[in-house]
Amino acid sequence: MDHVDCIVAGAGVIGLAIARGMARRGMDTLILEAENAIGTGTSSRNSEVIHAGIYYPAGSLKARFCLAGREKLYRYCEERAVPHARCGKLIVATDAEQEPVLASIRASASACGAGDLTPLTAVEARRLEPRLRCTAALLSPATGIIDSHALMLALLGDAEEHGAALSLNTRIVAGRIEGGQVEGSSIVLDTIDGTSGERFEIATTRFVNAAGLDATALAGSLDGLDPQFVPRLRYAKGNYFSVAGRAPFSRLVYPVPEPGGLGVHLTLDLDGVARFGPDVEWTDQLDYRVDPARGERFYNEIRKYWPDLADGSLQPAYSGIRPKLSGPGEANADFVIQDAAVHGVQGLVNLFGIESPGLTSSLAIADHVVQRLAPKAS
């Protein structure tokens, strides 16, 4: 039976960042990806925003990893020439009743260490973005945008330079934990090569479940992991619409948050093209089709802060599905990163509910996992 030091399940931005970290520690690392390319799921179906860490409760993993990851990500982008821009963001209240929410966001951001928010009056906000409508705003200069595909290619390149290998079209069918200890035992994975149809087993002493939308199903297939440590996953679909022509904004524009998400916001790609979304559509299926009829609600929401949006200018763009650990009407759940201290299985790390701000947090999450599995540099 083949054996490697570390297997990472999932070649999204989190899995690739972890694989890079493990390989840099001298671990013989194999990345298993069920699809035929890297980053086909949540990692490639988001707003590509580098978040400032202002929405998350103090002490939460989301706040901690977003703040640390933001600066790591900016440095990494500079070092590896990953396309990005620190463009800034305006969080806007569109009526007086929303203004206390801005104050609450600012207080929460300060409590978790993301205190670089500047309150603006409506006049001050319009000096920055003349076509904006609001009654007050917060300016977040640390927010940015990134080419997520270029980032993932850079992470994969780094991992491979340090000896990691990627196996695409390789699905983990099941696994078993033999002994529950690293020394003298293994986590054995039963896999299928989707290209050849060949079924084979591979063993490892370190296994990272970074399978995103499939993480709970994968964890549930591990014989020897107590089912109590496998949470229920919810799918929150976010639809995006693009606008014909160029929107007259140079910064991202976010309304105050809504239940389940951050509202229908305006983001920009690195070419300055505007996208709007995501909304929140709870679903039980991985269906990425965008219903054009949902655009009607987008018009109403966008015109609250951009009243000049013309009829017929929105068109369906794409959608993403977030792996959430909370459902409709429930408080947003934190990231869950389980290691042996939680489930008792040495060498196993499960990552559940890694949604926004997962992209921003990727390098910080990787450092955290690597420290658990390979604390000493080779």
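**Helix packing, nonpolar cores and local backbone features**

Helix α1 passes helix α9 in a right-handed crossing; a crossing is right-handed if the near helix is turned clockwise from the far one by less than a right angle, and left-handed if anticlockwise. The structure is a predicted model, in which local features need pLDDT of at least 70 and side-chain atom pairs count only at pLDDT 80 or more, whereas totals for chains, interfaces and linings use all residues. Residues are numbered from 1 along each chain as its sequence is written, and side-chain values use heavy atoms, with hydrogens and water left out. Helices (H or I, at least four residues) and strands (E, at least two) are DSSP runs numbered from the N terminus.

Helix α1 spans residues 13–24 and α9 spans residues 358–373; their axes lie 8 Å apart and the helices pack at an angle of about 40°. Axes are lines fitted to C-alpha atoms, for helices over the stretch in contact, and angles run from 0 to 180 degrees between N-to-C directions. The angle makes α1 oblique to α9, given that values under 35 degrees count as roughly parallel, over 145 as roughly antiparallel, 65 to 115 as roughly perpendicular and the rest as oblique. On the α1 side, the contact (heavy atoms within 4.5 Å) is made by Val-13, Ile-14, Ala-17, Ile-18, Arg-20, Gly-21 and Met-22. On the α9 side, Gly-358, Leu-359, Ser-362, Leu-363, Ile-365, Ala-366, Val-369, Val-370 and Leu-373 take part. The residues of this contact between α1 and α9 comprise 12 nonpolar, three polar and one charged. In this classification, Ala, Val, Leu, Ile, Met, Phe, Trp, Tyr, Cys and Pro count as nonpolar, Asp, Glu, Lys and Arg as charged, and the others, Gly among them, as polar.

Helix α1 also packs against α5, with axes that come within 8 Å and cross at roughly 25°. Helices α1 and α5 are therefore roughly parallel to each other, and α1 passes α5 in a left-handed crossing. Val-13, Leu-16, Ala-17, Ala-19, Arg-20 and Ala-23 of α1 meet Leu-151, Met-152, Leu-155, Leu-156, Asp-158 and Ala-159 of α5. By class, this contact of α1 with α5 holds 10 nonpolar, no polar and two charged residues.

Helix α5 (residues 148–161) has a further contact with helix α2 (residues 61–80), where the axes come within 11 Å and cross at roughly 75°. The two helices, α2 and α5, are therefore roughly perpendicular to each other. Leu-73, Tyr-76 and Arg-80 are contributed by α2, and Leu-151, Ala-154, Leu-155 and Asp-158 by α5. Five nonpolar, no polar and two charged residues make up the contact of α2 with α5.

In soluble globular proteins, nonpolar side chains tend to be buried together. A nonpolar core is a set of buried Ala, Val, Leu, Ile, Met, Phe, Trp, Tyr and Cys residues joined through side-chain atoms within 4.5 Å. Buried denotes under 20% relative accessible area, exposed over 50%, and partly exposed the range in between (1.4 Å probe, protein chains only). The largest nonpolar core has 50 residues, of which Leu-132, Leu-266, Phe-276, Ile-302, Tyr-305, Trp-306 and Leu-314 touch the most other members. Apart from residues up to four places away in sequence, Leu-314 touches Phe-241, Ser-242, Val-243, Phe-276, Gly-295, Phe-298, Tyr-299, Ile-302 and Leu-309. A second, separate core of 43 residues includes Ile-14, Ala-19, Met-27 and Ala-364.

Most residues other than glycine have a negative phi, and most peptide bonds are trans. Glu-48, in the loop between β3 (29–32) and β4 (49–50), has a positive phi near 55° and is buried, with a relative accessible area of 14%. Ala-81, in the loop between α2 and β5 (84–85), likewise has a positive phi near 55°, but counts as exposed at 63% relative accessibility. A cis peptide bond with omega of about -5° joins Gly-277 and Pro-278, the latter in the loop between β19 (274–277) and β20 (281–283). Another cis peptide bond, with omega of about 10°, joins Ser-356 and Pro-357; Pro-357 lies in the loop between β23 (348–352) and α9.

In the segment after α9 is Pro-375, which counts as partly exposed at 47% relative accessibility. Pro-375 touches Arg-25 and Val-370, residues up to four places away in sequence not being counted.
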